[in-house]
Amino acid sequence: MSLFLHELRYEMRLYSRSRELAFFTFLLPMILFLLLGFAYGDQRIQGVKGSNYLLTGTLGYGVVATAFAGLTIVLVIRREEGILKRLRSTPLPAPIYLLAVLTTTMTAFLVQAVAIIALGMAVFGASFPDHLVSLVIALVLGAAAFAALGVGLTGLVRRAEGASAVVNAIYFPMLFLSGSFFERSTFPGFLRAVADVLPLTYFINLVFAVMNKGDQIWNRPGDVAVLVAWGLIGGALAVRRFRWVPQEG
Amino acid sequence: MSNAVVVSDLRKSYGDLEALRGASFEIAAGEIFGLLGPNGAGKTTTVEILEGYRKRDSGSVTVLGVDPAKAGQRWRERIGVVLQSSAMYQSLSVAESLALFAGYYEQPRGIDEVVELIGLEAKRDVHVRKLSGGQRRRLDLGLALVGDPELLFLDEPTTGFDPQARRRAWESITALRALGKTILLTTHYLDEAERLCDRVAVLSDGQIVAIGRPGELTGALPPTEIRYRRDGQEVVLRTEEPTRALHDLTAQAIAEGRELEALEVRRPSLEEVYLSLTDEAAE
């Protein structure tokens, strides 16, 4: 336990010192939330005030940016630089290391979620979430699923330089298709068909229902099931493909 | 004295390439042992098998009494590893990096003691990002040392250093001898091996082609060389009895009232031995 706390303390310190990470995964979603909120936050989207819809969409953007994109890039860079290899020569057990990295990611996302909701309340008059327990469970479930997918993806990325490219190629289209920035109902059928398999679609549906329709998480078993399934796919990929040593070594 | 490392008939292939073809050697506890060889000779493969990173195809390996392929956390407490390329979190300071790694071990050395040992006192609170290549390499050594291991693996610890940085690194490594550590170091610098190692093994084409004290290896092959100039011509004598040869030469010169211009007596360097050995293996 003390070893875990030791590692966690340093992981938190490393995270807090990474400016690129702070900007792209933490601040950028909030900046886009503000821009889009001012642009069409007063329209009605899916039967609610546009800014309330965008708040949910931004939580989706945040979970993918922090728990998926940021995590994948950090782990690939650490692997290709040889940091993970070096850690394997120490007595630090691998599960403790990974648990500390994932806890840091989870914490960063929860702080980000609080900041996004606070921004929505302060700027766009969003109300405080009714079902706080359901919301927290939904956020943690989403972050866990995306983190598992992120760790799984590291095994498919060969080089550090390729990490951003691969991650961006996956996550930007997903943000659009899953409706982070505007509602999906206006999309043509084939795009909606793609959106219907993406995990982010179900995360946004789930959070939207909990925040805007008065649903509890247990009223949305379908969304939960799809997120869990994606999380398991990511986990299986991680177990099979995660590597500690750089490509050449 | 017991052996820290025992390697017997070690073999490893990558596809069709036989990287190791039956290498055998032993390293005594407290010894500084050098593994020499040209690039591609199998040095890193050997070291990484001993460190537990790679699996061997056949042969037996014991490191601190344990097979590294099956070793666990307890064994890692007792070894320190400096990999061929340095890698550390850029945004941690020297002291923070050492403190992070110290936390992984049961009985770590003090941070300040390690900082002093690697000579980075002035850079204690500087982030890794701002260190020079040589300073990073010394931090690598510090990170390997902070757990107070019995056995250290140093894979080309001074490659790419300028002469001054190399000398500083040598001082750090020599200081480890005083701490009683067993060290396996790989290098392709012969002066480094000659300077630091109690014994060296020359690895060529996946096999150990020579093993012994640097002095023994140089004694084994070509004889002592005596050079001087006479009437503008260089004269070279090779002899197994340098004392007698030199005595005869100087006595004759004195009798004739001549000076032996540019007189030089030299033992073959490890480099020449090494080149003759690795050439033979390549043929």
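1. B:Asp148 sits in the loop between α5 (133-145) and β6 (151-155) of chain B. Its phi is near 55 degrees, a positive value in a residue other than glycine. Is B:Asp148 buried or exposed, or something in between? B:Asp148 counts as partly exposed, because 19 C-beta neighbours lie inside 10 Å, and a residue needs 20 or more to be called buried. Note that this is a predicted model.

2. B:Leu64 also deserves a look. This residue has a positive phi of about 55 degrees although it is not a glycine. B:Leu64 lies in the loop between β4 (58-63) and α2 of chain B. With 18 other C-beta atoms within 10 Å, B:Leu64 is partly exposed.

3. Next, strand β3 (residues 32-36) of chain B. Of its 5 residues, 5 are buried, so the strand is largely enclosed by the rest of the structure. In a regular strand, side chains alternate between the two faces of the sheet. Here both faces are covered: B:Ile32, B:Gly34 and B:Leu36 are buried on one side, and B:Phe33 and B:Leu35 on the other.

4. Which strands pair with β3(B)? One is β7 (residues 182-187) of chain B, which pairs with β3(B) in the parallel sense over 5 bridges. Within this pairing, B:Leu35 stands opposite B:Thr186. Another is β8 (residues 199-204) of chain B, which runs parallel to β3(B) and is joined to it by 4 bridges. There, B:Val200 is the bridge partner of B:Gly34.

5. Chain B also has an open sheet of 3 strands in the order β11-β10-β12, with antiparallel pairing. Its edge strands are β11 (233-239) and β12 (261-266), each of which pairs on one side only. Neighbouring strands of the sheet are turned by 15 degrees against each other on average, direction ignored. Strand β10 (residues 224-230) of chain B pairs with β12(B) over 4 bridges, and B:Arg227 has B:Glu264 in β12(B) as its bridge partner. Helix α9 (residues 242-256) of chain B lies across β10, β11 and β12 of chain B, at about 15 degrees to β10(B).

6. In helix α3(B), the buried residues are B:Val94, B:Ser97, B:Leu98, B:Leu100 and B:Phe101. They are on the same side of α3(B), because they cover an arc of only 155 degrees around the axis. What covers these buried residues? The cover includes α1 (2-16) of chain A, together with α4 (111-117) and α5 of chain B.

7. The contact between the chains involves 17 residues of chain B and 17 residues of chain A. On the side of chain B that touches chain A, α2 (73-76) and α3 (94-102) of chain B each supply at least two residues. By class, this side of chain B has 10 nonpolar, 4 polar and 3 charged residues.

8. In soluble globular proteins, nonpolar side chains tend to be buried together. The largest nonpolar core has 129 residues, and those with the most contacts inside it are A:Val64, A:Phe146, A:Val207, B:Leu36, B:Phe153 and B:Leu184. Helix α3 (residues 50-81) of chain A gives the most to this core, with 16 residues. Leaving aside neighbours within four places in sequence, A:Val207 is in contact with A:Thr56, A:Leu59 and A:Ala138.

Notes: Residues are numbered from 1 along each chain as its sequence is written. Chains are lettered from A and ligands numbered from 1 in the order in which they are written. This is a predicted model: local features need pLDDT of at least 70, side-chain atom pairs count only at pLDDT 80 or more; totals for chains, interfaces and linings use all residues. Two residues are in contact if their C-beta atoms, placed from the backbone, lie within 7 Å. Ala, Val, Leu, Ile, Met, Phe, Trp, Tyr, Cys and Pro count as nonpolar, Asp, Glu, Lys and Arg as charged, and the others, Gly among them, as polar. A residue is buried if 20 or more other C-beta atoms lie within 10 Å of its own, exposed if 12 or fewer, and partly exposed in between; C-beta atoms are placed from the backbone. A nonpolar core is a set of buried Ala, Val, Leu, Ile, Met, Phe, Trp, Tyr and Cys residues joined through C-beta atoms within 7 Å. Two strands pair if DSSP finds at least two bridges between them. Axes are lines fitted to C-alpha atoms, for helices over the stretch in contact, and angles run from 0 to 180 degrees between N-to-C directions. The arc is that of the directions from the helix axis to the C-beta atoms.
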